[in-house]
Amino acid sequence: MEKLIKKIKDFSELVVFQHSVFALPFIFIAMVVSSSQVNQTPWFGFKLLVLGTLCAIFARNFAMGFNRYMDRDIDGLNPRTSNRPNVDGRISANSMLAFVIFNAIAFIVVAYFVNSLALILSVPILVIIGSYSYFKRFSYLAHIILGISLALAPIAGVVAVSESIPFWVILLSIGVMFWVAGFDLLYSLQDIDVDKKLGLHSIPSKFGAKKTMLFSKIFHFFTVVFWLLFVIYSSGSYFAYFAVVISALMLSYEHYLVNKDFRKIDRAFFTVNGYLGIVFFFLIVLDNIFF
């Protein structure tokens, strides 16, 4: 039993399971808004709650597992990542590959039980979220690909509820794309020297730290703009507008932390962004309950 528990902990560390907090709130934001418009209630049902959560977990496990599998050689050369389970021998390459295949199949199976459009989109979604692992090897736009991967979350949420893709969810998703790409730029500052040494492509290694921070600020400005447009086109009310304001303040605080001290990148990346998604979600829920 102890061996099994240890293995579960190793796989949880492999995919950094606790970081699911970045994607889950925006899946459920889209589901709440869609349900309010289609069903006249923000509650989309226990079945979709379970299926939506499972889809998010399996998709993220696939993406992170595939990334760790593909990057095991690179991670071993980076002091920051050299103690990851995919590098230090705790999880073998074959075990990672089996984990990736299992989660891909599980994602498709769960999508089948959601609806037909979810099933049709399941394989293209896997291709897109898996492609991030390749882009850093030939293009510094890998940050955008990561953003697109998480931006698929709210689209998947709407598809689950209404089996359609309305315009407002595209605006929400574009905001998520810029949000994720923006904070990934800041996070990538930690690896600027390693990326240059290994010949990996990233915006920090190509343009330097100062320009990277400027690009991140621009991305997060567009995040706020597109989330504001999402609120407008989804007919949001007071709490929804307040969510956009709070998001702008939290993103500003994130940049304040990084500007002040690069050593606070982890705090800016994990803590601020984690709370941002959760706060945004709860305010949207309140907006759809009371207005």
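## Close-up views of a predicted model

**View 1. Helices H3 and H6 cross in a right-handed way.** A crossing is called right-handed if the near helix is turned clockwise from the far one by less than a right angle, and left-handed if anticlockwise. Please keep in mind that this is a predicted model, where local features need pLDDT of at least 70, side-chain atom pairs count only at pLDDT 80 or more, and totals for chains, interfaces and linings use all residues. Residues are numbered from 1 along each chain as its sequence is written, and side-chain values use heavy atoms, with hydrogens and water left out. Helices (DSSP runs of H or I, at least four residues) are numbered from the N terminus. Here H3 covers residues 46-70 and H6 covers residues 116-135; they pack at an angle of about 25 degrees, and their axes lie 9 Å apart. That angle makes H3 roughly parallel to H6. Axes are lines fitted to C-alpha atoms, for helices over the stretch in contact, and angles run from 0 to 180 degrees between N-to-C directions. Under 35 degrees counts as roughly parallel, over 145 as roughly antiparallel, 65 to 115 as roughly perpendicular, and the rest as oblique. Look for Ala59, Phe62, Ala63, Phe66, Asn67 and Met70 of H3, which meet Leu126, Ile129, Gly130, Tyr132, Ser133 and Tyr134 of H6. Contact means heavy atoms within 4.5 Å. Sorted by class, the contact of H3 with H6 holds 9 nonpolar, 3 polar and no charged residues. For these classes, Ala, Val, Leu, Ile, Met, Phe, Trp, Tyr, Cys and Pro are nonpolar, Asp, Glu, Lys and Arg are charged, and the others, Gly among them, are polar.

**View 2. Helix H2 packs against helix H8.** H2 spans residues 24-39 and H8 spans residues 167-188; the angle between them is about 165 degrees, with 11 Å between their axes. This makes H2 roughly antiparallel to H8. The crossing of H2 with H8 is right-handed. On the H2 side, Phe26, Ile29, Ala30, Val33, Ser34 and Gln37 make the contact, and on the H8 side Trp168, Val169, Leu172, Val176 and Trp179 do. The contact between H2 and H8 has 9 nonpolar, 2 polar and no charged residues.

**View 3. H2 also packs against H7.** Their angle is about 30 degrees and their axes are 7 Å apart. H2 passes H7 in a right-handed crossing, too. H2 brings Phe26, Ile27, Ala30, Met31, Ser34, Ser35, Val38 and Asn39 to this contact, while H7 brings Ala153, Pro154, Gly157, Val158, Ala160, Val161 and Ser162. By class, the contact of H2 with H7 has 10 nonpolar, 5 polar and no charged residues.

**View 4. The largest nonpolar core holds 76 residues.** A nonpolar core is a set of buried Ala, Val, Leu, Ile, Met, Phe, Trp, Tyr and Cys residues joined through side-chain atoms within 4.5 Å. Buried means under 20% relative accessible area, exposed means over 50%, and partly exposed is in between (1.4 Å probe, protein chains only). Which residues have the most contacts inside this core? They are Phe26, Trp179, Trp227 and Phe230. Leaving out residues up to four places away in sequence, Phe230 touches Ile29, Val33, Trp168, Leu171, Leu172, Phe280 and Ile284. A second, separate core has 9 residues, including Val15, Met64, Ile91 and Met96.

**View 5. Gln40 and Ser235 have a positive phi.** Gln40 sits in the loop between H2 and H3. Its phi is about 60 degrees, although Gln40 is not a glycine. Is Gln40 buried or exposed? With 64% relative accessibility, Gln40 counts as exposed. Ser235 is in the loop between H11 (209-233) and H12 (238-260). Ser235 also is not a glycine, and its phi is about 60 degrees. At 64% relative accessibility, Ser235 counts as exposed.

View 6. Pro25 is part of helix H2 and is buried, with a relative accessible area of 8%. Leu141, in the loop between H6 and H7 (142-162), is partly exposed at 44%. Arg90 lies in the loop between H4 (72-77) and H5 (93-114); with 24% relative accessibility, Arg90 is partly exposed.

Terms used. Helices (H or I, at least four residues) and strands (E, at least two) are DSSP runs, numbered from the N terminus.
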